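Please look over the model shown here before reading on.

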Amino acid sequence: MTNGTATVTIRDVTPRDGLQAGTPVSSAARAELAIALADAGLAHVEAASFVSAKAVPTMAGADEVFGLLPECDTVWWALVPNARGAEAALAAGVRNITVTVSASTAYSEKNVRRSTAEALAGLAEIAAVSQPAGADLDVVVSCAFGSPFDDVISPSPVIDVVDAALRAMPGARITLADTTGTATPRRIAAVFAELAGEAHTDLGLHLHDTRGTALANALWAFEHGVHRFDTATGGLGGSPFAPGAGGNLATEDLVLVLEDLGIPTGIDLDAILRIADSLSSLVGHSVPSRTAAAGPLPFFDSQRPLA
Ligand code: ZN
């Protein structure tokens, strides 16, 4: 797996997923966080969500956040829930848009008050607004490995959602999300088996660590060809609409293990740990990441790539 040429792309979603379920933080502080993440080497940052402030008060002022972000090498992403959100995002200068559609209709109804079928129709509306403007789109399929509600998720319908999303949004990339931390390597393997033979070359994973499986899932997926991951610094995060959801896979946990394996991430772990520390003050409680608590690895003589 570690052949020396493997690369990994990490998108830090702290300013969006990391902060959405907590106490509201000012737009200026969220922009400052996004910039600090870029300075730490994150090539992709999800900086805001253009949702209704009534539905998700912590995400109010997304246009203000984007107004404070500089043009730089880092790709800034924003989540939009519908065509109106896409119009607002484009007006604020957003060029990289994440949209979600849920493999669980029960979750979809709680999260966006629409069935999965209605959400898929909404993707076409978002595409009609965004693609002529040249926006890059990423469809995040939530609850791809299990639902927090009673509905049963199995691999084949997940792939049906992926296929329908790509019909609605041709050319979009696909990210499978373990929204509530129910994925295991076996469940991911089951979904990948269904995907085999289909042309989903740029597949990403968005993992939550509710049951302590996020890092195991990421490493398993990496070994099986996934090189794109969503993470949050400090392991913050979780959907306000998913009962019991734990935080995101911590950026520092993934960076620490990949770098130790000799996989370059381009991310400065010490800088991420400083950001994790400052996040504790920002959100008013300690962050869940283990690496943030324990610090970087001590030197171990005989570190060499396993290739
Ligand atoms: Zn998430």
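In this predicted model, the protein chain has an accessible surface of about 13,000 Å², and carbon and sulfur atoms account for 52% of that area. Of the 307 residues in the chain, 53% are buried.

The fold comprises 12 helices and 8 strands. With a radius of gyration of 18 Å, close to the 19 Å that the globule rule gives for 307 residues, the protein chain is therefore as compact as a globular protein of that length. When contacts between residues at least 6 apart in sequence are considered, 74% of them join residues at least 24 apart. The overall dimensions are collected below.

| Property of the protein chain | Value |
|---|---|
| Span of the C-alpha trace along its principal axes | about 55 × 45 × 35 Å |
| Radius of gyration | 18 Å |

Turning to the metal site, the zinc ion is coordinated by Asp17 through OD and by His206 and His208 through NE2, at 1.9 to 2.1 Å. Along the chain, the donors of the zinc ion follow the spacing D-x188-H-x1-H. Because Asp17 lies in helix 1 (residues 14-20) whereas His206 lies in strand 7 (residues 203-207), the pair ties together parts that are 189 residues apart in sequence. Asp17 and His206 are both buried.

Terms used
Residues numbered from 1 in each chain as written. Predicted model: local features only at pLDDT ≥ 70, side-chain atom pairs only at ≥ 80, totals over all residues. Heavy atoms only, no water. Donors = N, O, S within 2.8 Å, 3.2 Å for Na, K, Ca; no water. Helix = DSSP H or I, 4+ residues; strand = E, 2+ residues; numbered from the N terminus. Buried < 20%, exposed > 50% of the residue type's maximum accessible area, 1.4 Å probe, protein only. Rg over C-alpha atoms; globule rule 2.2 N^0.38 Å. Contact = heavy atoms within 4.5 Å. Areas by Shrake-Rupley, 256 points an atom, 1.4 Å probe, with all protein chains shown as cover.
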